[in-house]
Amino acid sequence: MPPKVDTHKCTGCAGREESFCERACPGDLMAVSSENGKAYCRAASECWDCMSCVKACPAGALETKIPYQLGYFKATLRPIMGKNVITWKCRDIYGNEAVYRYVNRIVR
Ligand code: SF4
Ligand code: SF4
């Protein structure tokens with residue numbers, strides 16, 4: 001299931017030759033529309049939910065839709081990247097939100 005793009009937040013990574021989400025996708029699935037300047041997934045059926053694009057977006061414009069087998073269409077999972085830390089915001093189908101924070105790099 002491809003990431004959901006919040007077109008209000010997406011800047012199209014203006015000024016960059018390649019957007020952060022395009023650069024991050026291992027399947028080369030993300031693109032920026034020449035019509036509206038917003039990101040989109042050009043081959044939805046090929047997306048395997050690796051979330052690389054979601055983590056890479058500096059605008060927080062991408063959100064993972066959790067497959068219906070796990071949470072139905074209203075459930076979402078959103079990472080917020082910090083320095084050496086990642087915060088996951090998980091929203092279930094009833095709108096309840098849980099927040100998980102993990103240190104993802106050991107700094108010595
Ligand atoms: S990285 Fe984020 S802001 Fe940049 S084009 Fe992709 S979705 Fe839009
Ligand atoms: S979730 Fe992974 S495979 Fe799907 S569009 Fe994003 S980077 Fe590509």
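Is T76 buried or exposed, and what is its relative accessible area? With a relative accessible area of 6%, T76 is buried, where buried stands for under 20% relative accessible area, exposed for over 50% and partly exposed for values in between, with a 1.4 Å probe and protein chains only. The structure is a predicted model, in which local features need pLDDT of at least 70 and side-chain atom pairs count only at pLDDT 80 or more, while totals for chains, interfaces and linings use all residues. Residues are numbered from 1 along each chain as its sequence is written, chains are lettered from A and ligands numbered from 1 in the order in which they are written, and side-chain values use heavy atoms, with hydrogens and water left out.

**View 1. The whole chain, with two helices and seven strands.** The order of the elements from the N terminus is β-α-β-β-α-β-β-β-β, with helices (H or I, at least four residues) and strands (E, at least two) taken as DSSP runs and numbered from the N terminus. The C-alpha trace spans about 40 × 35 × 25 Å along its principal axes, and 31% of the 108 residues are buried.

**View 2. T64 and T76, in strands β4 and β5.** T64 belongs to strand β4, residues 62-65, and counts as buried at 8% relative accessibility. Leaving aside neighbours within four places in sequence, T64 is in contact (heavy atoms within 4.5 Å) with M51, V54, A75, T76 and L77. T76 lies in strand β5, residues 76-82, and, not counting residues up to four places away in sequence, touches E63, T64, I66, K89, C90 and R91.

**View 3. The cysteines C13, C47 and C57, each buried.** C13, in the loop between β1 (4-5) and α1 (20-24), has a positive phi of about 50 degrees although it is not a glycine, and its relative accessibility is 12%. C47 counts as buried at 18% relative accessibility, and C57 is buried with a relative accessible area of 18%. A search of the whole structure finds zero disulfides, a disulfide being a pair of cysteine sulfur atoms within 2.5 Å.

**View 4. K83 and N84, in the loop between β5 and β6.** Although K83 and V103 are 20 residues apart in sequence, their C-alpha atoms are 8.9 Å apart in space. N84, found in the loop between β5 and β6, is partly exposed at 23% relative accessibility, and its phi is near 65 degrees, a positive value in a residue other than glycine.

**View 5. R105, in the segment after β7.** Strand β7 covers residues 97-103, and R105 lies in the segment after it. R105 counts as exposed at 57% relative accessibility. The C-alpha atoms of R105 and R16, 89 residues apart along the chain, are separated by 27 Å.
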